[in-house]
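Please have the sequence and the model open while I speak, and I will go slowly enough for everyone to find each place.

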Amino acid sequence: MADVLGTELSEEKENEIELKKRQKRPWEEFRRSGKIGITPELPETLGFFDISAVKREQQEVSADPSLTRFICTELTRGYFLEHNEAKYTERRERVYTCMRIPKELEKLMIFGFFLCADAFLYIFTLLPLRVLLALLRLLTLPCCGFSGSRLLQPAQVCDMLKGLILVLCFSMMHYVDYSMMYHLIRGQSVIKLYIIYNMLEVADRLFSSFGQDILDALYWTATEPKERKRDNIGVIPHFFMAVFYVFLHSILIMVQASTLNVAFNSHNKSLLTIMMSNNFVEIKGSVFKKFEKNNLFQMSNSDIKERFTSYVLLIIVCLRNMEQFSWNPDHLWMLFPDVFMVVMSEVAVDIIKHAFITKFNDITADVYSEYRASLAFDLVSSRQKNAYTDYSDSVARRMGFIPLPLAVLLIRVVMSCVKVQGALSYICVFLFYLGMVTLKVLNSIVLLGKSCVYVKRANMEDKLFERPPTAPSFSAKSPSKSDPRRCTKSSGESSVDQIPVTPCSPPTSSSSSVTTQPAPRPDLFLPPPTDASPATADSCPLTSEPQSDDEPPTASPLQEEEADEASDMNHRAPNKDLLEIDRFTICGNRID
């Protein structure tokens, strides 16, 4: 009897030990027994499996389904977001990026606005003084004697051309009646005016695109070294073409200002509402397109230019309205709500557009600091001694903002609205000019200091000492196959000079000083090389050394170089540097 009781106790202990083991590792029993296929997935709670939940689920599966049990399951079931942590972290970062967009975008917009203001003030303040200095040099040249190969420096020639264009276009604008244009536009229907305003916006972008090409062609034709004096005749058609362009663009902006003035003076404000809604239509045309960083940079520059131009148009509208009401300050407060509404609609549209573009294309908000550094680099490089362009021209190429037509229109409106009579009026005009000069100088100093900080922060200081390319880009990108100016090294690698002055000339140093003025190039008129001379063939062998018989045949270094260049161009095409983007075709709305 005692033996039977002892065996029963031992069996009970073994059963308890087995039960404890099963409670510790229940999933192993399911895998060994083969019930894992019909058993639902084990619920996971903080990394541990709950055996009671497993038994409860087994009972629910074995029982008959019912509506009450389904509702209870729907009310009590749970899920864990940490199982997909990467996805939800990315979603949160997108929200943070959208929240950072207004701040970063407005930093870029404010910096670009003051860049445009600096280029615009240059037309009224420093350009007349530079033109006077160039005229003084021409008048004193017979007295001082002719020394050097140029009557005027290239920068002085460009200043003289800009001054002549301004004077001629301003005199031609006197024959355009602003009041007649205003009443002609006011007599049209609302829908027709809406269509006209949209057409004017497109025409303004096209004029800005092609206009800078016309002005650049004029500046280069007037300043390039010439062998014969009769070659200077080519400047005349370019000059008249530039005058015609500036005049037409000024009339176009005048029609825009007249349409905006009609919208402000309409009784029901329906036209102003329609014109403001046109900005929101721009969101539809931009947000749902694929954008790269370079395309977004183009569009940002276009938005800066449009915002500055709209502010100048609002100033013109306010001046015309104040003139009609005899400069009554009460009428200015009546215009203020409409002006505020137009400005805020521009800001809101830009923020919404950029926020969703960065969201859909996975672009971070830090990209706007890169854009700001690129604009700052243009300003700093234009202030160097070896600068190859004027700052106002670099702004025009970068943003599509050409200040000459807008300056002509503003001078025309101010001269018609403000009557200068008497000595006191001229003194006030002179003091106002001194104030503009002071504002221009202070703005330039602050912008230059900020630009140096942005360039240093972006680690772009080394690029300031690199010389700009002086040869056409297509000559370096697509060289001819039979070009004898290719030099092969002993290792079989070949090198191509992008600016070949003499065959196999050594590359020039890129660390040129910023305090030295570059001398004119004497090799601009060298005859093009026809056939390679024996000396050239000896110094620049086109083929490598003959290979031994036991070596396998390989492709020539020239073919390998062409294949490498083609592959490099294919890989470099989408990764274009921001500093290489120059003068966009339609000011930022083209998507490559």
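This is a predicted model: local features need pLDDT of at least 70, side-chain atom pairs count only at pLDDT 80 or more; totals for chains, interfaces and linings use all residues.

Let me begin with Ser451, which sits in helix α17; helices here are DSSP runs of H or I with at least four residues, strands are runs of E with at least two, and both are numbered from the N terminus. Residues are numbered from 1 along each chain as its sequence is written, and side-chain values use heavy atoms, with hydrogens and water left out.

Is Ser451 buried or exposed? Ser451 counts as buried because its relative accessibility is 0%, where buried means under 20% relative accessible area, exposed means over 50%, and partly exposed is in between, with a 1.4 Å probe and protein chains only. Setting aside neighbours within four places in sequence, Ser451 has contacts with Phe111, Ala376, Leu379 and Val380, a contact being heavy atoms within 4.5 Å.

Now to the whole protein, which has 20 helices and four strands. Of its 592 residues, 36% count as buried. The accessible surface comes to about 36800 Å², and 62% of that belongs to carbon and sulfur atoms; these areas come from the Shrake-Rupley method with a 1.4 Å probe, and for residues only the protein chains shown count as cover. If we take the contacts with a separation of 6 or more, 84% of them are between residues 24 or more positions apart.

Next comes the core. The largest nonpolar core has 112 residues, and Ile165 and Phe264 are those with the most contacts inside it; by a nonpolar core I mean a set of buried Ala, Val, Leu, Ile, Met, Phe, Trp, Tyr and Cys residues joined through side-chain atoms within 4.5 Å. Helix α10, residues 235-265, gives the largest share of this core, with 16 residues. Apart from neighbours within four places in sequence, the contacts of Phe264 include Leu272, Leu314, Val339 and Val342, and also Lys269 and Asp338.

On a 1 Å grid over the protein atoms alone, a cavity is a set of points where a 1.4 Å probe fits but cannot get out, whereas a pocket is an open set with protein on both sides within 12 Å along at least five of seven lines, and lining residues have an atom within 4 Å of a point. Grid points are joined across faces, edges and corners, and a volume is the space filled by probe spheres set on the points.

The second largest pocket has a volume of about 1300 Å³. Its lining has 31 residues, and Phe124, Ile411, Val414, Phe432 and Met436 lie nearest its centre. Among the elements that give two or more residues to this lining are α6 (126-144), α7 (154-173) and α16 (403-417), while the largest share, seven residues, comes from α5. The lining divides into 30 nonpolar residues, one polar and no charged, where Ala, Val, Leu, Ile, Met, Phe, Trp, Tyr, Cys and Pro count as nonpolar, Asp, Glu, Lys and Arg as charged, and the others, Gly among them, as polar.

How many cavities of 30 Å³ or more does a search of the whole structure find? The search finds three. The largest cavity holds about 70 Å³ of space, and among the residues lining it are Asp204, His249, Lys305 and Phe401. This lining consists of four nonpolar, four polar and two charged residues.

Finally, two loop residues deserve a look. Ser326 lies in the loop between α12 (293-324) and α13 (329-360), and Ser326 counts as exposed because its relative accessibility is 61%. Although Ser326 is not a glycine, it has a positive phi of about 55°. Asn459, found in the loop between α17 and α18 (473-477), is also a residue other than glycine with a positive phi, near 60°. At 68% relative accessibility, Asn459 counts as exposed. For background, most residues other than glycine have a negative phi.
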